[in-house]
Structures are given as C-alpha cells and as structure tokens.
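Here is a short report on selected features of one chain. Please read it with the sequence and the model side by side.

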Amino acid sequence: MSNLDIWAIQYYPEELITALKQIKDGMNIIYSNMTCSFKIGDINIDSRQFDTILYNEESDILIMLMRGGVAKKEDIIKFLEDNNKPYSEVTFSPSVIEYNDKDIIPELWFAREEYVLNDALDDSLSKGVNYLEYYPNVLSSLNLGYITNNNSNISVDGRTFKGLIKLEDKVILIVNQENNKEKNMNFNDIISIVKKHNMSYDINIDNNVNIYKDNFKKTK
C-alpha cells in the first residue's frame, strides 16, 4: 500500500478540478473498473465504492472517483490533455457486482496530514456544523484492485486507517501511514486541531461506529 495523498471525489465534482490542479510532474496512471473493498471497524461498507483512480507517485497524489458518481474518467482525461499532462490508461473488466450508492452515508474524507483535517473542519464549520465525535480506536481499511479471469482479486492500492471523526456532514478517516509512522497524526494532534477550531466534541473509545445517516440524529 502506498502513502500517496488521497482525494476522494464523491458528491461535488468541482473538487475533481481542485485535485487535478495538484498534479505537477510525473506520469499519471488512470485505472478504471476497479474493485473496492472498504471496511470501517467490523462493518463492510458496500454502499460507497470507488472504481476509478488516478495515480501519480511523483506528484504524491491518488484521486479516487466514486462509482456511479457525477465525476467521470473522461473528466480526468480532458483535464490532462488540456494541460499537456502525460497519462496512461489501465482498464479492467467491468464488475458484475450490482451497486447503488443510495446516498445513505455522508461524504468521506481521508486525512493523511493536518492540512486535510483543517480543511475538513473548516468546511463543516462553514455549513454550521460545530460538533464532532472522535473515535480514536476505530480501525478501517480500503483496498482497490481488480478481478482476474480465474476470479482472483489482485490489490493495486489501498490504505489503513486508525481513528475516525464523525460530523453531521461528513466522516473523516485518519490515514495510518505504515511506512512513515512518524508523520501519523496521533490523539493529541487531533484534539489540538479540534480545539483550535473551537468545536465541541466527545471522545468515544468504542472499536466500531455507525456511519449511516439515520444515526447522525444523535449529534448535538
């Protein structure tokens, strides 16, 4: 699994252009028709998948497009061609697994560094959201891959996460950089950032969390 910075494009396609503007140098590899295995705590999240990614190691970026979302692979290609950025495509066989997002979980953010967490909290505050729940013990994982002709699932990229922040408008997963642990945000880092934003918060030590929208009525 790589440590590239994640941009997950879901309900706001304009965020794709913001993400693509982070590309400076290097080869852009576009993978499409990917499989997505996503787990938060002990719960498999089948209602949110990502099936298209742009991978650029030199620019330290991994852009993921939500399966069935408004942003499309063609939008990535148009941007790259308009800006003379090199790219290569890898297209796997389409998934036969039925999928419908149904908008039953909120937008997901993936925070590898403090600036992403700051941006996420600023975004929530701009929407009038000023309370969060922090689950420091929730372990999660995201794996992206493809199915071979003999039905083997081969991993291409993925992430592990330690900790989760739940707000009324989004869920923030804290990236656990296995190959660069000194850069991981720890408990004190996260609480310090929350306090700087003057947000109310509770700490929940459970190992699991319900992220489905019908459970967000409990937020203050």
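## The five-stranded sheet

An open sheet of five strands runs in the order β1-β6-β5-β2-β7, and its pairing is mixed. Two strands sit at the edges: β1 (5-9) and β7 (87-91), each pairing on one side only. Direction ignored, neighbouring strands of this sheet are turned by 15° against each other on average. The model is predicted.

Strands of a sheet pair through backbone hydrogen bonds, in either a parallel or an antiparallel sense.

## Strand β5 and its partners

Strand β5 covers residues 50-56, and strand β2 covers residues 28-32. The two pair in the antiparallel sense over three bridges. I29 has Y55 of β5 as its bridge partner. Y31 has I53 of β5 as its bridge partner.

Strand β6 (residues 61-66) also runs antiparallel to β5, and six bridges join them. β5 and β6 form a hairpin, with four residues between them. In the turn, D60 has a positive phi of about 55°.

How many residues of β5 are buried? Seven of the seven are, so β5 is largely enclosed by the rest of the structure. The cut-off for buried is under 20% relative accessible area.

Helix α2 spans residues 73-82. Its buried residues include K73, I76, I77, F79 and L80. Why do they lie on the same side of α2? They cover an arc of only 165° around the axis, which puts them on that same side.

The other side of α2 has exposed residues: E74, K78 and D82. So the helix can be read by side, because buried K73, I76, I77, F79 and L80 share an arc of only 165°, whereas E74, K78 and D82 are exposed on the other side.

Is I205 buried or exposed? I205 counts as exposed because its relative accessibility is 62%, and the cut-off for exposed is over 50%.

Technical notes:
Residues are numbered from 1 along each chain as its sequence is written. This is a predicted model: local features need pLDDT of at least 70, side-chain atom pairs count only at pLDDT 80 or more; totals for chains, interfaces and linings use all residues. Side-chain values use heavy atoms; hydrogens and water are left out. Buried means under 20% relative accessible area, exposed over 50%, partly exposed in between (1.4 Å probe, protein chains only). Two strands pair if DSSP finds at least two bridges between them. Axes are lines fitted to C-alpha atoms, for helices over the stretch in contact, and angles run from 0 to 180 degrees between N-to-C directions. The arc is that of the directions from the helix axis to the C-beta atoms.
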